[in-house]
Amino acid sequence: METPPPPRAMLDGGPQALWEPQPPAGALQTPERCVWPCLSILEGDSCPQGLFEAISGPPWAGPQQVLGQGSCSDLNHWSGQGVAGWLCTGPCWSRRGRPAALETVLREEAQRGFATLEDPLAALLDMLDSSRGWRGKGPSLEAWVACELKRCLQAQLCPGPARGSPGLKQLQARAVKLLAESPPGLVEPLVSIFQLQDADRSPLLAHVHRLHQEGKFKEAIVLGTKLRLQADLDVEKMCIPLLLQDKADLVERYVDGFPDLQRRLLALMDSWCQPGFDIRVVARRYPQTTLRLERLSPRALGRQVLRLLEQHGLDPDLCPNVVTQQRLAALRYLCYKRLVERSVSRESWAEHVQGLVGQDQWLQEQLLQLLASHDDAALVAQCALDLLLPEERLPASVAAELRQLRIQERTAEAPLEDGKDDYYQLPIPREHLHFLASWEDLARHQEELLQPGQVVSMDLEWRPSFGAGGRPRASLMQVAVEGRVFLLDLPRLSSAAGGQAPQAFFRLVSRLLADPSITKLGYGLAGDLRSLGASCPALAQAEKQLRGSVDLLQVHRQMRAADRPAPGVDGAAGPRGLSLLVQQVLGKPLDKMQQLSNWDRRPLCEGQLVYAAADAYCLLEVYWALCREPARFHLSGDLARSLRLGRGERAGPGELPPLQKASTSPQQVPAGEDAAPEVPARAFRVVCDSMLQGLARRLRCLGIDVLVLATGEDHRRAAERLAAWLRSPGSGLLRTLHVNGLVHVAFRAWLLSQA
């Protein structure tokens with residue numbers, strides 16, 4: 001394409017000529033003066049192609065009418081020669097994708113132009129009054145000019161009116177009229193340039209009310225927020241339509257910094273969570289508005305309310321309906337854990353239930369209904385005995401069982417105690433459990449904890465919060481080494497009143513985490529470290545300090561992703577998480593009876609101490625078992641190397657990332673006389689869709705032939721290409737099955753497609 005000639009103004013006077021107040025004949029101008037100087041000097045016969053289409057139009061046609069559909073070549077040509085050469089298309093005023101050098105040129109030209117104007121603010125209003133293009137959606141030239149003027153005024157690069165001056169008040173009155181049609185991208189600069197937050201509030205409030213009456217609820221609340229008009233507006237009126245439209249983020253910004261409005265908003269949202277409330281009754285007041293009522297269920301609203309209560313530090317008593325709903329959900333969870341799973345001890349269950357129900361009559365009735373719905377009368381009677389429930393309010397069968405319990409003074413916990421041998425047992429003597437609660441305790445065992453080259457496991461315990469919001473405060477930190485477990489009392493060791501203990505504790509933990517020679521084991525280790533940082537602000541960077549770690553949660557995911565189930569597991573419902581991993585590797589699950597106990601209580605009971613120690617020590621035994629027999633659990637032989645590639649450690653050239661590397665063994669053929677010969681990488685062929693381009697690049701680096709489907713290409717294409725490969729000479733099914741099941745999956749898909 002032929003490069004267009006430069007504008008005559010640039011040839012005659014350079015870029016500064018674009019801002020001359022008196023353009024030569026033929027330039028676009030208002031009858032009184034040039035409103036947009038950078039356009040006024042350009043003559044039609046010297047503009048880039050498509051720059052002006054309305055030269056013969058009215059004296060001021062407006063930027064959107066003037067700007068044509070210029071080409072990218074025009075943009076590239078003029079980007080270094082001044083602002084005029086860049087004014088090719090309206091959409092170009094979006095900053096997205098704009099070269100930084102071009103942005104600098106535009107700003108310099110804008111600053112130079114604003115400096116030549118006697119009254120830049122009045123000129124901006126003249127331009128907005130004369131133009132129509134800025135009233136639409138999307139970026140516009142006018143919005144860009146307003147943003148640049150705002151920036152120049154803030155940087156004091158051009159003069160602005162004094163606060164409260166008569167001239168400013170006149171400009172404010174004009175600017176307020178323009179707000180009615182201003183898109184969001186223009187509202188903020190207008191508010192800032194003309195200091196509208198200090199203007200007469202009456203017309204501003206009237207304008208916000210008019211927007212609300214016209215159904216422009218978003219525009220009304222955004223403008224009210226920008227102008228800081230919240231104190232003079234009805235919070236319920238402003239916020240209800242936005243909540244119904246699932247625009248809670250705008251509502252949160254609206255009440256930010258206004259505690260009274262925050263309380264009123266939470267009270268409103270809480271009222272929508274009361275039993276029997278129908279949100280559709282409120283929605284009928286806004287028939288012309290597109291609403292999203294599915295996002296306003298009591299459960300979803302309750303989560304929002306709890307988050308806002310914590311965020312603003314407000315009293316939960318402001319929201320009784322949400323708090324009651326939360327307690328009922330926790331009550332149902334506890335009843336399930338005790339009556340169905342039977343994985344909570346009697347003492348812990350009774351303590352939590354009594355704390356949740358208290359003297360609330362409605363929750364007491366819900367508890368009785370939950371107990372009555374269970375079939376095991378003996379177990380329900382035991383629960384009723386622990387909670388001191390009145391016999392007359394229980395079903396007849398449960399009441400009879402309760403009388404027998406009182407007479408015989410027997411407990412329902414004995415069968416559970418008899419089953420202890422069915423769970424993982426701590427393999428070290430009780431005297432090797434050490435409870436550390438002082439500086440002296442830490443100093444005594446520091447050498448054992450920081451021994452270079454050893455493997456340690458880490459875990460945390462905290463009091464259950466049952467969804468109260470926020471990360472719970474950790475109460476106990478367990479660190480296990482071979483033959484010993486150390487239980488660190490976090491409330492005492494991290495307390496400012498602990499003397500030398502806090503600093504000694506923080507130093508010890510930091511050294512332990514940062515030493516790459518010490519292998520740190522965990523199950524969901526990153527989450528535990530975040531909880532530790534939230535509980536101990538001095539350890540807020542604990543996750544970033546971590547070096548030399550193995551997260552057995554990632555190992556467990558690899559095992560579960562393997563084609564075959566892990567040995568010794570039948571896949572039936574049962575333990576989950578770490579308990580399931582321990583069962584898969586060591587043969588028995590963890591006993592989780594004490595998991596939901598009160599970990600803030602001191603002293604901890606014997607059952608809590610043993611549970612906490614076992615929870616940490618089992619990680620060591622699992623790790624050792626996996627290292628001894630990695631192939632049995634479908635992991636790579638070099639377990640430590642493949643899984644310690646974490647923070648601060650990167651794989652060498654040609655190495656696969658940890659998850660991929662550890663999952664390459666399930667299809668390996670055992671060595672022996674019948675083992676298949678090793679197949680070179682170039683013998684494999686893989687078909688990937690467009691979502692697996694990263695995998696395709698890595699496989700190509702290993703010498704594997706890879707075909708990547710185009711975006712949108714039918715996935716049957718992969719099966720067809722694979723089938724053709726399998727039918728080709730020298731190719732066989734055995735060879736394709738060696739590619740970690742990738743080709744095997746595609747082959748099975750092809751077979752299904754042919755069925």
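# Exercises on a predicted model

In helix 25, the buried residues are Ala501, Pro502, Ala504, Phe505, Phe506, Leu508, Val509, Leu512 and Leu513. Buried means under 20% relative accessible area, exposed over 50%, partly exposed in between (1.4 Å probe, protein chains only). This is a predicted model, where local features need pLDDT of at least 70, side-chain atom pairs count only at pLDDT 80 or more, and totals for chains, interfaces and linings use all residues. Residues are numbered from 1 along each chain as its sequence is written, and side-chain values use heavy atoms, with hydrogens and water left out.

## Exercise 1: confidence and content

Task: state the average pLDDT of the protein and the share of residues that score at least 70.

Solution. pLDDT is the predictor's confidence in each residue, from 0 to 100. The protein averages 74. A share of 68% of the residues scores at least 70. Over residues 1–93, pLDDT stays under 50. The model has 172 contacts beyond four places in sequence for residues 1–93. Contact means heavy atoms within 4.5 Å. Residues 563–572 also stay under 50 in pLDDT, with 11 such contacts.

Next, the totals. The protein has 36 helices and eight strands. Helices (H or I, at least four residues) and strands (E, at least two) are DSSP runs, numbered from the N terminus. Of the 755 residues, 47% count as buried. Among contacts between residues at least 6 apart in sequence, 65% join residues at least 24 apart.

## Exercise 2: the span of helix 25

Task: compare the reach of helix 25 with the span expected at 1.5 Å a residue.

Solution. Helix 25 covers residues 501–514, which is 14 residues. The expected span of a helix is 1.5 Å times one less than its number of residues. For helix 25 the expected value is 20 Å. From first C-alpha to last, helix 25 reaches 20 Å, close to the expectation.

## Exercise 3: aromatic pairs

Task: classify the ring pair of Phe505 and Phe506, then that of Trp599 and Tyr611.

Solution. A pair of aromatic rings is described by the distance of the centres and the angle of the planes. Rings of Phe, Tyr and Trp (its six-membered ring) pair if their centres lie within 6.5 Å; planes under 30 degrees apart count as stacked, over 60 as edge-to-face and the rest as tilted. The count by this rule is five aromatic pairs. The ring centres of Phe505 and Phe506 lie 5.7 Å apart and the planes meet at 55°, so this pair is tilted. Phe505 and Phe506 are both buried.

Trp599 and Tyr611 also form a tilted pair, at 5.9 Å centre to centre and 35° between the planes. This pair links distant parts of the chain, 12 residues apart. Trp599 sits in the loop between helix 29 (577–586) and helix 30 (606–628), and Tyr611 in helix 30. Trp599 is buried at 0% relative accessibility. Tyr611 is buried too, with a relative accessible area of 6%.

## Exercise 4: the six-stranded sheet

Task: give the strand order of the open sheet and trace the pairings of strand 4.

Solution. The order is 1-4-3-2-5-6, with mixed pairing. Strand 1 (433–436) and strand 6 (549–551) are the edges, each pairing on one side only. The twist averages 25° from one strand to the next. Two strands pair if DSSP finds at least two bridges between them.

Take strand 3 (residues 474–481) and strand 4 (residues 484–489). They run antiparallel and are joined by six bridges. Gln478 has Leu487 as its bridge partner in strand 4, and Val481 has Arg484.

Strand 1 and strand 4 pair in the parallel sense over four bridges. Leu433 has Val485 as its bridge partner in strand 4. Five of the six residues of strand 4 are buried, so strand 4 is largely enclosed by the rest of the structure.

## Exercise 5: backbone details

Solution. The peptide bond from Arg602 to Pro603 is cis, with omega near 0°. Gln195 has a positive phi of about 50° although it is not a glycine. At 13% relative accessibility, Gln195 counts as buried. His634 is not a glycine either, yet has a positive phi of about 65°. His634 is buried, at 6% relative accessibility.

Notes: Axes fitted to C-alpha atoms, helices over the stretch in contact; angles between N-to-C directions.
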